[in-house]
Amino acid sequence: MFWGSSREKQTTLPCPVCAEKMLIKRTCHEAYMYCGHCQKKFDLKAFIPQMDSAMEEFLENLYSNRI
Ligand SMILES: [Zn+2]
């Protein structure tokens, strides 16, 4: 419920720079990976092969909310 309409979610994927776990975030029209430690954005596409269940749920929500 808490994550239902959230614009970000914790994932288990490590940041390529510092290895801290990244968040997946979204704007109104795109999703991306974000490291709170580096405060950097990363292209989501690069992480699709390693997608975890948190990312999967987040993206499902994103696309099902689209009109
Ligand atoms: Zn980082």
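Of the 67 residues of the chain, 12% count as buried. A residue is buried if 20 or more other C-beta atoms lie within 10 Å of its own, exposed if 12 or fewer, and partly exposed in between, with C-beta atoms placed from the backbone. The model is predicted: local features need pLDDT of at least 70, side-chain atom pairs count only at pLDDT 80 or more, and totals for chains, interfaces and linings use all residues. Residues are numbered from 1 along each chain as its sequence is written.

From the N terminus on, their order is β-β-β-β-α. Helices (H or I, at least four residues) and strands (E, at least two) are DSSP runs, numbered from the N terminus. Contacts were also counted; two residues are in contact if their C-beta atoms, placed from the backbone, lie within 7 Å. Among the contacts with a separation of 6 or more, 26% join residues 24 or more positions apart.

The four strands form an open sheet with the order β1-β2-β3-β4 and antiparallel pairing. β1 and β4 (40–43) are the edge strands, and each pairs on one side only. Neighbouring strands are turned by 40 degrees against each other on average, direction ignored. Two strands pair if DSSP finds at least two bridges between them. β1 and β2 run antiparallel and are joined by four bridges. K9 stands opposite I24 in β2. E8 has K25 of β2 as its bridge partner. In general, strands of a sheet pair through backbone hydrogen bonds, either parallel or antiparallel.

The helix α1 packs on this sheet and touches β1, β2 and β3. Its direction makes about 145 degrees with that of β1. Axes are lines fitted to C-alpha atoms, for helices over the stretch in contact, and angles run from 0 to 180 degrees between N-to-C directions.

The largest nonpolar core has seven residues: M22, I24, M33, Y34, C35, M55 and F58. Such a core is a set of buried Ala, Val, Leu, Ile, Met, Phe, Trp, Tyr and Cys residues joined through C-beta atoms within 7 Å. Two or more of the core residues come from each of β2 (21–26), β3 (31–35) and α1 (53–64). β3 gives the most, with three residues. Y34 touches M22, L23, K25 and K41, not counting residues up to four places away in sequence. In soluble globular proteins, nonpolar side chains tend to be buried together.

The loop between β1 (8–14) and β2 contains C15. C15 counts as partly exposed because 18 C-beta neighbours lie inside 10 Å. With residues up to four places away in sequence left out, C15 touches E20, M22, C35, H37 and C38. The C-alpha atoms of C15 and M33 are separated by 8.8 Å, although the two residues are 18 residues apart along the chain.

A19 also has its place in the loop between β1 and β2. The hairpin of these strands has six residues between them, and A19 takes a positive phi near 70 degrees there. A19 is a residue other than glycine. It counts as exposed because it has 10 C-beta neighbours inside 10 Å. Q39 lies in the loop between β3 and β4. Phi of Q39 is positive, near 55 degrees, in a residue other than glycine. With 7 C-beta neighbours inside 10 Å, Q39 therefore counts as exposed.
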